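Hi,

Here is the structure I promised to pass on. Have a look at it first, and my notes follow below.

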Amino acid sequence: MVKHQPLQYYEPQLCLSCLTGIYGCRWKRYQRSHDDTTKWERLWFLILTFTFFLTLVWFYFWWEVHNDYNEINWYLYNRMGYWSDWSIPILVTAAAGFLYITALLILALCHIAVGQQMNLHWLHKIGLMATLVVTVVTMFSIAQLWDDEWEMVVISMQATAPFLHIGALAAVTALSWLIAGQFARTEKATSQMLIFTAYFAIVVALYLVPLTVSSPCIMERKDLGPKPAIIGHRGAPMLAPENTLMSFQKAVEQKTYGVQADVVISYDGVPFLMHDKTLRRTTNVEKVFPELAYEHSYMFNWTDLERLNAGEWFLKSDPFWTAGSLSGPDYLEAANQSVCKLADMLQVAKDNTSVILNFQDLPRDHPYYSTYINITLQTILESGIQQQAVMWLPNTERQLVRKIAPGFQQTSDIKADPAHLRDDDIKQLNLRYTKVTSEDIREYTAANLSVNLYVVNEPWLYSILWCAGVQSVTSDSSQILSKVPFPIWLMPPNEYNLIWITADLISFTIIVGVFIFQKWRLGSIRTYNPEQIMLSAAVRRSSRDVKIMKEKLIFSEINNGVENADELSLCSENGYSNEGIAPMDHRDMRLRMD
């Protein structure tokens, strides 16, 4: 009768197999290794880490510029010649790239935590490099085409920096377990000092970051100024087609402080409202006058403009994703909007709200090039609107305007020194929100100059500007901002300092405790597993060599207490590993064949 020595049964480790399998396609036990990660794989880890932070910045940036999605789409429309909502595909792509890189980084950190050798699969390397290249190219393109938009990151930090600091503090504190483990496992004092110095330099820098945080919402509640007035940008463009009569009626229903409109003079001298130079985006001119589709709007007679539909594009393009929320009557009304006269808009606004008027410049060969200011002034004065309710924005012919309509509030769209503005009898400033700082707002307010900023759609941005002391904002979402009763967050300086110091102390205590525990737990442990060393070296050998090595390793593990062994059983390579070993007695012994 043949006696067999007791073999060892290797329990499967599903989590570890998934970890190494997903990251490096090392699904089998003998493919795993506790060897040190190679220099090339360390380089890939550095690239992965860099890509993570880059995609994080890009995703954060594109998420925060949600305020300007419509503006970006309009800008790309002018560059490409056709309207499309580019914002959502870019956001989805940025989110997908960030989540993919984050998943890879988490897997890599798990490898470090369990002491596994990192070996990123070549498919992931291609995906990593593709994500990196696409992110860099897209960020560079936005910087070239829309460089002002990057200032949004600085502004958004005023709203998010205190909370991002807490999140970063939690992440760095959690990483202390991995860093302390590496510190405890490292034998060379120089390597330990390098790990310790690098990590704590990052920690200390993070502890001191709040010294650089400046937010207008870190203030005493008693110092908060009045809520900024809301001016409807081209009416209420989320509720109706922009610059149409319905849009201004909706703005009045929202009880906005004012409305903003873009005035153009038709070829036969009728002031009407249109933002773009052409009629392609907001009318059906390509259907009615296809040969004139690319003609400037001021080259059309009013009789032709009256024939155009100015509402169907809103329902079709749905620029703010709000068309589906319209009621049945509003939907039908929006579909039948036409180009709006300035006189008609003034009749809606004259008893209810103020107006900001902007103008398109006319070419010298236009019949009303030299008289369009007079025609516009005549239209405004005949409407019956109070002069104090009109904010006059154009810089041309200001002296003429002051003479004919001295009650108009002279408004400038040029950022200048307060003394210079007062010398020009400017009462208000109308600027893009990225062009001014909190210090500028305080300076203009001290000089008795009112500041209106555009285009402000998001409650968090509205809150920041409220804390900064802005008097009014121009918005596409008046129906949303009008319901903001108070800044999203407001924190007294003493309370902020207390939260900051407390969070730092808690983090420091946890980090010190983790380092002490890891040093105690791992400092005296030095294990050298001959089986693992040999198997690690075997990963790059042929399958025949691996089989031979596995057989030798199995023989070396046989219990020496059993005598008179006649034969030994050979086991397949798929049956054994250096992890999760459980001895078996003679009754439970199994013979495993290849």
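This is a predicted model: local features need pLDDT of at least 70, side-chain atom pairs count only at pLDDT 80 or more; totals for chains, interfaces and linings use all residues.

How many bridges join strand E2 to strand E3, and do the two run parallel or antiparallel? There are 3 bridges between E2 and E3 (residues 258-265), and the strands run parallel.

Of the 5 residues in E2 (residues 229-233), 4 are buried, so the strand is largely enclosed by the rest of the structure.

Next, a helix pair. Helix H6 (residues 151-185) and helix H18 (residues 459-468) have axes that come within 9 Å and cross at roughly 80°, which means H6 is roughly perpendicular to H18. By class, their contact has 6 nonpolar and 2 polar residues, with no charged ones. From H6 you'll find Met-152, Ile-155, Ser-156, Gln-158 and Ala-159, and they meet Trp-460, Leu-461 and Ile-464 of H18.

Last, take a look at helix H12 (residues 328-335). Asp-330, Ala-334 and Ala-335 are buried there. Down the helix axis, the buried residues of H12 fall within an arc of 135°, so they line one face. Among the elements covering those residues are helix H8 (245-253) and helix H11 (312-317). On the face of H12 turned away from the buried side, Pro-329 and Leu-332 are exposed.

Cheers

Methods: Residues are numbered from 1 along each chain as its sequence is written. Side-chain values use heavy atoms; hydrogens and water are left out. Buried means under 20% relative accessible area, exposed over 50%, partly exposed in between (1.4 Å probe, protein chains only). Two strands pair if DSSP finds at least two bridges between them. Axes are lines fitted to C-alpha atoms, for helices over the stretch in contact, and angles run from 0 to 180 degrees between N-to-C directions. Angles under 35 degrees count as roughly parallel, over 145 as roughly antiparallel, 65 to 115 as roughly perpendicular and the rest as oblique. Contact means heavy atoms within 4.5 Å. Ala, Val, Leu, Ile, Met, Phe, Trp, Tyr, Cys and Pro count as nonpolar, Asp, Glu, Lys and Arg as charged, and the others, Gly among them, as polar. The arc is that of the directions from the helix axis to the C-beta atoms.
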